[in-house]
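Keep the sequence and the 3D view open as you read.

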Amino acid sequence: MTIDKSEKKVLMATGSILALFIFSILYARGKFKSDLPECVPYDKAYEVPVIKKVDDRTYQVFAVARMWVFEPSQIYIPVGSEVDFYLTSKDVVHGFNIAEKNINMMAIYGNINKTTVKFDKPGVYKITCHEYCGTGHQNMQAEVIVNYPKNNK
Ligand code: CUA
C-alpha cells in the first residue's frame, strides 16, 4: 500500500495537533489538579452529614444534599482553614456551587465527589444548588462561615 505524499503530510499534521492537544490536557490537569473534583469510592458513612476537625486548620465535611437542603447547613471554621468536602445526594441530582471559590460540583445519589477548598479570608460563603431539582430548588443553600460572626472552634 502506498500513501500519497500530500496525504502523508496531512496525517503528520493531524498527528502532531492531536499530540499537542493531549499534551495540553495532561498539562492542565497537572497544573490545576486541586480544582478538579475527584471521585471517591462509595461508602454509606458519607450519607451522614458531619463536620470533622482534623487539626486546627484542616476540616472534613460530609455534605449531604436532598430536597431541598444541604446538611450541614452552617459550617463554622477559622480563617485559613482547608476543607475537604465529600458530597453526596439522598435523592435527585443537586448542584453544589460556591461562587466565590469557583467550586462547581454535582451531588449524585450513590456517588461521592470530593474537592478541597481553602478559606483564606473571613466571611460568609454561600453554597447554592445550581442544578434544577424541583420546587424548592431556589431556596436550597448552606453557608460556610469563616471567623464570622461567631466561631465554634
Ligand atoms: Cu437541589 Cu437545585
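1. **Contacts of I127.** Contact means heavy atoms within 4.5 Å. Which residues does I127 touch, not counting residues up to four places away in sequence? They are F70, I75, F96, N97, I98, M140, Q141, A142, E143 and V144.

2. **Ground rules.** This is a predicted model, where local features need pLDDT of at least 70 and side-chain atom pairs count only at pLDDT 80 or more, while totals for chains, interfaces and linings use all residues. Residues are numbered from 1 along each chain as its sequence is written, and side-chain values use heavy atoms, with hydrogens and water left out.

3. **Overall layout.** The protein chain has 1 helix and 11 strands. Helices (H or I, at least four residues) and strands (E, at least two) are DSSP runs, numbered from the N terminus. Along the sequence the pattern reads α-β-β-β-β-β-β-β-β-β-β-β. Take contacts between residues at least 6 apart in sequence: 60% of them join residues at least 24 apart.

4. The protein chain has 153 residues, and 33% of them are buried. Buried means under 20% relative accessible area, exposed means over 50%, and partly exposed lies in between (1.4 Å probe, protein chains only). The chain exposes about 9,700 Å², with carbon and sulfur atoms supplying 58% of it. Accessible areas come from the Shrake-Rupley method with a 1.4 Å probe; for residues, only the protein chains shown count as cover.

5. **The largest core.** In soluble globular proteins, nonpolar side chains tend to be buried together. A nonpolar core here is a set of buried Ala, Val, Leu, Ile, Met, Phe, Trp, Tyr and Cys residues joined through side-chain atoms within 4.5 Å. The largest nonpolar core has 25 residues. Which of them touch the most other members? F70, I77, F85, F96, F119, I127 and V144 do. The elements giving two or more residues to this core are β3 (58–66), β5 (74–77), β6, β7, β8 (103–107), β9 (112–119), β10 (123–128) and β11 (141–146). β3 gives the most, with 4 residues.

6. **A second core.** There is also a separate core of 5 residues. Its members include V40, F62, Y86 and I112.

7. **Salt bridges.** A salt bridge is a side-chain nitrogen of Lys or Arg within 4 Å of a carboxyl oxygen of Asp or Glu. How many does a search of the whole structure find? It finds 5. One of them joins K126 and E143, at 2.8 Å from N to O. K126 lies in strand β10 and E143 in strand β11, so this pair ties together parts that are 17 residues apart in sequence. K126 is partly exposed at 38% relative accessibility, and E143 is buried at 18%.

8. **Two other salt bridges.** E47 pairs with K44, the closest N and O atoms being 3.8 Å apart. E47 is buried at 13% relative accessibility, whereas K44 is exposed at 57%. K118 pairs with D120, and here the closest N and O atoms are 3.9 Å apart. K118 is partly exposed at 41%, and D120 is partly exposed at 48%.

9. **H137.** This residue is found in the loop between β10 and β11. Is H137 buried or exposed? H137 counts as buried, because its relative accessibility is 15%. A polar atom of its side chain lies 3.1 Å from the backbone oxygen of E131. Leaving aside neighbours within four places in sequence, H137 is in contact with W68, C129, H130, E131 and Y132.

10. **W68 and its bond.** W68 is found in the loop between β3 and β4 (69–71). The peptide bond from M67 to W68 is cis, with omega near -5 degrees. Another cis peptide bond joins E71 and P72, with omega about -5 degrees. P72 has its place in the loop between β4 and β5.

11. **Backbone at N102.** N102 is found in the loop between β7 and β8. Its phi is near 60 degrees, a positive value in a residue other than glycine. N102 counts as exposed, at 66% relative accessibility.

Key. Polar contact = N/O pair within 3.5 Å; in protein donor to acceptor, adjacent residues only side chain to side chain.
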